[in-house]
Amino acid sequence: ETASAKPSTKLGLQDLRGKWKGSMQAYGSTGGAVVGEFDMKGEDWEWGSYCMENVNAVGNYHPNEGLHFEKFQLDAGDARLRIVGNMLGPKQDAQFRLTDFPLSLLQSFFSVLPSNNITEQGMGSNLFKPSTGPGALSGMANIPQGDDFISGNLYVNAALGGSAEAPQGNVNFQVLGGALRNKKLARAEANAAIASDQRFTFNINLHLHLHIHLHNHIQIDLN
């Protein structure tokens with residue numbers, strides 16, 4: 001089965017199975033900087049009914065230069081994640097790309113969401129259902145495993161620049177074939193960016209039976 005399959009029970013980290021092969025090397029001296037190199041490939045990774053056909057990470061780490069990915073690939077069914085470039089150092093130029101990620105898979109990662117009562121004309125019942133089961137936390141909402149709270153495929157493109165001390169970058173999220181509680185989304189897209197002056201901006205566009213558009217900017221100080 002592929003990443004689009006739906007598990008019948010709630011999964012945990014204890015259900016993650018797989019193994020690595022490859023090499024990891026570290027260089028340095030006692031009390032000095034340690035430099036690392038890695039060339040790892042995952043094999044037979046499974047999480048319940050989900051399978052990852054390809055996990056591959058090649059790169060190095062230097063305490064002064066940061067983390068460098070020559071290649072990071074993860075394939076699970078139709079979903080693809082690619083990362084390449086430098087991050088966590090004085091010069092960042094990393095690129096991130098996620099395609100065909102099934103949003104229904106998020107229900108396996110997160111079992112709770114804020115239980116705000118969100119109702120709009122034409123949307124029917126509340127998007128969030130209060131938790132009533134054993135161990136439920138006050139003020140939280142439970143997403144039952146059998147419910148399609150959210151569906152569709154997520155696409156993400158991101159670029160990271162600047163430095164670890166003063167990051168710059170932008171990210172675009174897009175959902176195709178999406179739905180919330182079986183209410184189809186005609187369009188779902190979000191953009192966020194951090195400029196060289198550390199100004200953070202974001203835009204969100206959702207088209208359901210109503211049109212929601214959010215835009216804002218925030219000045220941030222990372223020092």
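Predicted model: local features only at pLDDT ≥ 70, side-chain atom pairs only at ≥ 80, totals over all residues.
Trainee: Is Tyr-155 buried or partly exposed?

Mentor: The general idea is that buried means under 20% relative accessible area. Tyr-155 has a relative accessible area of 22%, and therefore counts as partly exposed.

Trainee: Which residues does Tyr-155 touch, leaving aside those up to four places away in sequence?

Mentor: Its contacts are Leu-98, Thr-99, Asp-100, Asn-172, Phe-173, Gln-174 and Leu-176. With Asp-100 there is also a polar contact between the side chains, at 2.5 Å.

Trainee: Turning to Glu-189, where is it found, and why is it classed as buried?

Mentor: Glu-189 belongs to strand 13, residues 187-194, and it is classed as buried because its relative accessible area is 18%. The side chain of Glu-189 makes a polar contact of 3.1 Å with the side chain of Asn-172, and Glu-189 also touches, among others, Phe-173, Gln-174 and Ile-204.

Trainee: How many bridges join strand 13 to strand 14, and in which direction do the two strands run?

Mentor: When reading such a pair, keep in mind that side chains in a regular strand alternate between the two faces of the sheet. Here eight bridges join strand 13 to strand 14, residues 199-207, and the two run antiparallel; one of the pairings is Ala-193 with Thr-201. The two strands form a hairpin with four residues between them, and Gln-198 in the turn has a positive phi of about 65 degrees.

Key
Residues numbered from 1 in each chain as written. Heavy atoms only, no water. Buried < 20%, exposed > 50% of the residue type's maximum accessible area, 1.4 Å probe, protein only. Polar contact = N/O pair within 3.5 Å; in protein donor to acceptor, adjacent residues only side chain to side chain. Contact = heavy atoms within 4.5 Å. Pairing = 2+ DSSP bridges.
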